[in-house]
Amino acid sequence: MVRYKKRYLLVEISFADGKVDERILSRLIYKTVKNAVISAHGDYGMACVDRSLKVKYTNPITGVAFIACGRDYYRMVWSALTLIKTITFEDSARPCMFRVLHVGGTLLSCQKFLIHHNKEELLKLLQQCKTPG
């Protein structure tokens, strides 16, 4: 049995207006990433990543997603993610930005990084607070 190695990309999705959109679903992110890979790398790129591309987890409130892909082609997916400028919903399109926060070999390593990242961001926000307490 051959072991298929993967990479997990921890992605932050932020909208231009700074608001949260709860319509973000895993299948919508998958479709957006798939279209970005096709536009950036053509049919060859899509053939390389099609079998292994999966959106493992999506949180529309925090704008975080875990995207799995084959180890040999994760850079192809990463480069396509940076080119995404809009997410197209059924009724509208919203400008957004995909930012890769971390690339890991396991979901656990991505989760640990996300916890550490969120703690750092919270400390930054707390230092900006004006009121005591």
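## Helix α2 and its buried face

Tyr74, Met76, Val77, Ala80 and Leu81 are buried in helix α2, which spans residues 74–82. Buried denotes under 20% relative accessible area, exposed over 50%, and partly exposed the range in between, with a 1.4 Å probe and protein chains only. Viewed down the axis of α2, the buried residues fall within an arc of 160°, so they line one face of the helix; the arc is that of the directions from the helix axis to the C-beta atoms. These buried residues pack against β1 (6–15), α1 (26–49), β3 (64–70) and β5 (93–104), contact being defined as heavy atoms within 4.5 Å.

## Basis of the values

The model is predicted: local features need pLDDT of at least 70, side-chain atom pairs count only at pLDDT 80 or more, and totals for chains, interfaces and linings use all residues. Residues are numbered from 1 along each chain as its sequence is written, and side-chain values use heavy atoms, with hydrogens and water left out.

## Nonpolar cores

A nonpolar core is a set of buried Ala, Val, Leu, Ile, Met, Phe, Trp, Tyr and Cys residues joined through side-chain atoms within 4.5 Å. The largest such core has 29 residues, and Ile29, Val33, Ile67, Leu81 and Phe98 have the most contacts inside it. Two or more residues each come from β1, α1, β3, α2 and β5; α1 gives the most, with eight residues. Another core, of eight residues, lies apart from this one and includes Phe66, Ala68, Cys110 and Leu114.

Not counting residues up to four places away in sequence, Ile67 touches Arg7, Tyr8, Leu9, Val11, Ile29, Val33, Leu53, Lys54, Val55 and Leu81.

## Overall architecture

The protein has three helices and five strands, arranged along the sequence in the pattern β-α-β-β-α-β-β-α. Helices (H or I, at least four residues) and strands (E, at least two) are DSSP runs, numbered from the N terminus. The C-alpha atoms fill a box of roughly 55 × 40 × 20 Å, taken along the principal axes.

Of the 133 residues, 35% count as buried. Among contacts with a separation of 6 or more, 70% involve residues 24 or more positions apart.

## Exposed surface

The protein exposes about 8800 Å², of which carbon and sulfur atoms supply 55%; accessible areas come from the Shrake-Rupley method with a 1.4 Å probe, and for residues only the protein chains shown count as cover. Leu123 lies in helix α3 (residues 107–127) and counts as exposed because its relative accessibility is 52%.
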